[in-house]
Amino acid sequence: MLILLYNQVFTSYNLWVHLQAMISIEPHELSTGKLHAYLLGAVSPRPICFASTVDSEGNVNLSPFSFFNVFSAKPPILVFSPARRGRDNTTKHTYENVLQVPEVVINIVSFEMVQQVSLSSTEYAKGVNEFTKAGFTELVSDIVKPPRVAEAPVQLECKVNDVIALGTEGGAGNLVICEVVKIHIKEEILDENGAIDPFKIDTVSRLGGNWYSRAKAGLFEVPKPLTTLGVGVDILPEEIRNSRVLTGNDLGMLGNVENFPNSEEINTFIDASEELKWLRDEGNSLEIHKKAQDFLCEGKIDEAWKVLLSRI
């Protein structure tokens, strides 16, 4: 009897401790931004829909969305949601495009393209092609009008069956219900049985804030694109764009700057290091790009730019 009473008291105490450690909130008590942050932090990780669309005039748009998943195999249905912007209640170009041309290509995001994908989420003006800005390659689709992303390991051509608006206020989602009409899979991501190898496809997913998750390796951060517009990969000097060293991720980071450092800033930085002065004087672009890549790996984008521009 004493043991039973003890167990009841212990259980009640544990329950009390857990309840004391929780906060309970009704959604209407929060601002849209705070509610959005809680939801994205809790419902994670989320796969990324990298959606390419066109408007009625043929202008191409490319943008990532993490409100996304697969919901049926027969018929093959994917759903993603380009939500209304919380700050001003405006709609996204992707949403506007699928209403005009109800077709989309959903490109799957791998780790080696994640920095460029992040850059493409910059809110460039309507008519600006994010393929160009983020440094991606357009592939003509077989069935639908929007192009595919050549760098994506899987590309899913879809027709849009329906678009369901979930509300009219900032933060409201718009469910884009897509039926897959053709699938393109890179053979290099398949295993010996013809199935997609999770290590080879190397997908990434979104969490809250700047956080992402790499399916085969765990969490990492990608700083959000600038509030002001990044210059884009297309503006980078040709020698940098065509580098034999710098990856797509590297170029995505380099394109996410508003301005390049000036000559005085470059010279001051280079002259403070014997190693960097030697690299500049030698003029070996391969070694300069490797050093810049080292800085990029540390998240030091400004330093990488100063190294790269020291001989251009």
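This is a predicted model: local features need pLDDT of at least 70, side-chain atom pairs count only at pLDDT 80 or more; totals for chains, interfaces and linings use all residues.
Residues are numbered from 1 along each chain as its sequence is written, and side-chain values use heavy atoms, with hydrogens and water left out. Local features need pLDDT of at least 70 and side-chain atom pairs count only at pLDDT 80 or more, while totals for chains, interfaces and linings use all residues.

A nonpolar core is a set of buried Ala, Val, Leu, Ile, Met, Phe, Trp, Tyr and Cys residues joined through side-chain atoms within 4.5 Å; buried means under 20% relative accessible area, with a 1.4 Å probe and protein chains only. The largest such core has 25 residues, and the members touching the most others are Leu 236, Ile 240, Leu 254, Trp 305 and Leu 308. At least two core residues come from each of helix 8 (248-254), helix 9 (263-271), helix 10 (274-282), helix 11 (285-297) and helix 12 (301-308). Helix 12 gives the largest share, five residues. Helices here are DSSP runs of H or I with at least four residues, and strands are runs of E with at least two, numbered from the N terminus. Leaving aside residues up to four places away in sequence, Trp 305 is in contact (heavy atoms within 4.5 Å) with Leu 236, Pro 237, Ile 240, Leu 254, Val 257, Phe 260 and Pro 261.

Turning to the strands, two of them pair if DSSP finds at least two bridges between them. Strand 11 (residues 204-206) and strand 12 (residues 211-214) run antiparallel, joined by three bridges, and Val 204 stands opposite Arg 214. Four residues lie between the strands of this hairpin, where Gly 209 takes a positive phi near 60°. Strand 12 is also joined to strand 13 (residues 218-221), antiparallel, by four bridges. Here Trp 211 has Glu 221 as its bridge partner, and three residues separate the two strands of the hairpin.

Technical notes
Buried means under 20% relative accessible area, exposed over 50%, partly exposed in between (1.4 Å probe, protein chains only).
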